[in-house]
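Q: Could you walk me through this structure, a bit at a time? I'll ask as we go along.

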Amino acid sequence: MVLLNFRKVTLYRINEHMMIPDHTVSVKNIEDVDDIPNHPSEGCFTQQFISSMEMEETAKKESIWAPFQSKGEWELAHFLMKNIGQTKMDEFLRLNIIHDWIHTGIGVSFANTQSFLKSVDRLCTGPAWTCEMIDICGDIISKDGTMKHEQLELWQCDPIKCVQDLIGNPTFWDVMSYIPECAYMDANGENCIYDEMWTGDWWWDVQTKLPKGDKTSLSQFSGDKKVWLVYLTIGNISKDVRHQVSVHVTMLIGYLPISKLECFQKKNQSLMGYCLFHHSMSLLLHPLVDAGHHGREMTCANGYLHHVHPILATYICLVACNKESRCPCCLVQSNKHDPRSRKFNAEGLCAVFDPFWKDLPFTDIFACLTPDILHQLHKGVVHNHLIQWCMLIISKKEIDAHFQAMTQYPSLCHFKKGISLVSQWTSTEHKEMERVFIRLLAVNDHVLIVAHSLLDFIYYLQLQCHMDTTLAAMKESLKMFHDHKHVLIKLEVHEEFNVPKIHSLQHYISLIQALGSADGYNTEYPE
């Protein structure tokens, strides 16, 4: 996810869309502003702020509905593409009434499917794709005495052009923000709201660092090739819109090559795989380096010309060059640490000497790795830990019997075969199971508190709008878990709690304060 930042304008204000029923949100402006332009939208503008869309239309002498003649013809084309196949399309265009319209000059401009598709091909297609070859020289000598090597393809879109395409789309003009905001639930400004990304502390912090201006899955390719898909979106657009797959706010910008790297010895293949990933990502995101430092002028959805600094804000994947058993946010030690190892290994680092984020301006990758509700909480903490603990205490058979005996109710999911035999869980199934899990447990009070506190934490985390009070409740739930977790050691179901996914829970509150509520970067929506 790339968040766009603009030249420094410090403004505290309340966004009334953040109002929550049965509460009063203060509408309070605290100004610390220099030379705010008198425009109908916020942000920093250049002096020339006439809509470039209108200028382009005038220069080309084309209608905004081009290559179609009118809004009505465009709507017809949209209907045909969405609902009618090519064979039926020809039948439709051969109807006498359509034929008469075409020949009288008051109908559509296309007489058959071929001419219609030619018009469709003239529509704007977005940023172009390019292919860059990556040459890899291994460490194995081939039969002819040379080092084995491999060539891989990196398909990519220019991320700057993708950002331009998103931020300039007039469809999003009313769901886009250009400045950071502070919102409060009370008139005294003591109960802060964390909702959209622009309500978090990160945007404010980066805003002060910008230069002052003058004004996911793994996909199968052809043959035996495999690639990682890289997607980009911008935090300026409301998260409610970003969650809608149909509006295409999340753009595919690259196919990262995957290889077994058989030109390397087996002991080096894993490390070289990391290096290949970071090299590919650095090539893909290279345009963000200069644009992040110096900015780019872009026509935005509100019709104004903004000076934009595209900056990597969040990254939903572990790319911090640390071992999987270590935390990317702090220096917590692992119980498996070898005291004889060097400090580099002691701190859990991987030997990637050129990580892709090292040149990206204003980017702290360790603060960009956001909570992942689906994989870290539902699949990780609940399924891989909490449920397994409870099964060891009261047995899989007993837990399955409890779920099978549950009375059917219209709004609840009934697991007829229990839960231990479910091999592939969806996000919806995780949530349905968690709704009734506490009620079906037959354990002592301390274990019940452990389960209750973890599920409370997860439910709080999933709130779409956070306040200081909800974050305090999250903190209290986590504290309650740690105060009672010793019962699991006493019952011999767990030896120690140096578990990465459980350790990471302590960082979630600060990440929400920095980047907004966790549903804004939840992987269950694209999946």
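Q: Let's start with histidine 385: which helix is it in?
A: Histidine 385 is found in helix α12, where helices are DSSP runs of H or I with at least four residues, numbered from the N terminus. This is a predicted model, in which local features need pLDDT of at least 70 and side-chain atom pairs count only at pLDDT 80 or more, while totals for chains, interfaces and linings use all residues. Residues are numbered from 1 along each chain as its sequence is written, and side-chain values use heavy atoms, with hydrogens and water left out.

Q: Is histidine 385 buried or exposed?
A: Histidine 385 has a relative accessible area of 15% and is therefore buried; buried means under 20%, exposed over 50% and partly exposed in between, with a 1.4 Å probe and protein chains only.

Q: And what is histidine 385 in contact with, leaving aside neighbours within four places in sequence?
A: Histidine 385 is in contact with Gly380 and Val499, contact meaning heavy atoms within 4.5 Å.

Q: How do α12 and α14 pack?
A: The axes of α12 and α14 (residues 427-437) lie 11 Å apart at an angle of about 45 degrees; axes are lines fitted to C-alpha atoms, for helices over the stretch in contact, and angles run from 0 to 180 degrees between N-to-C directions. The two helices are therefore oblique to each other, given that angles under 35 degrees count as roughly parallel, over 145 as roughly antiparallel, 65 to 115 as roughly perpendicular and the rest as oblique.

Q: Which residues make that contact between α12 and α14?
A: Among them are Val382, Leu386 and Ile387 of α12, with Met433, Glu434 and Phe437 of α14.

Q: What about the largest nonpolar core, which members touch the most others?
A: Of its 60 residues, Phe403, Ile419, Met433 and Phe437 touch the most other members. A nonpolar core is a set of buried Ala, Val, Leu, Ile, Met, Phe, Trp, Tyr and Cys residues joined through side-chain atoms within 4.5 Å. Helix α12 (residues 373-394) supplies the largest share of this core, 10 residues, and apart from it lies another core of 45 residues, including Ile234 and Phe277.

Q: Which residues does methionine 433 touch, not counting those up to four places away in sequence?
A: Methionine 433 touches Val382, Ile387, Phe403, Phe415, Ile419 and Trp425.

Q: Switching topic, how do α15 and α16 lie to each other?
A: Helix α15 (residues 445-461) and helix α16 (residues 468-484) have axes that come within 8 Å and cross at roughly 155 degrees, and the two are therefore roughly antiparallel to each other. Their contact includes Ile449, Phe457 and Leu461 of α15 and Met474, Leu478 and Phe481 of α16.

Q: Which residues other than glycine have a positive phi?
A: Histidine 248, in the loop between α8 (239-242) and β10 (251-258), has a positive phi of about 60 degrees, and glutamate 492, in the loop between α17 (486-490) and α18 (500-503), also has a positive phi, near 60 degrees.

Q: Are those two buried or exposed?
A: Histidine 248 is exposed, with a relative accessible area of 58%, and glutamate 492 counts as exposed at 73% relative accessibility.
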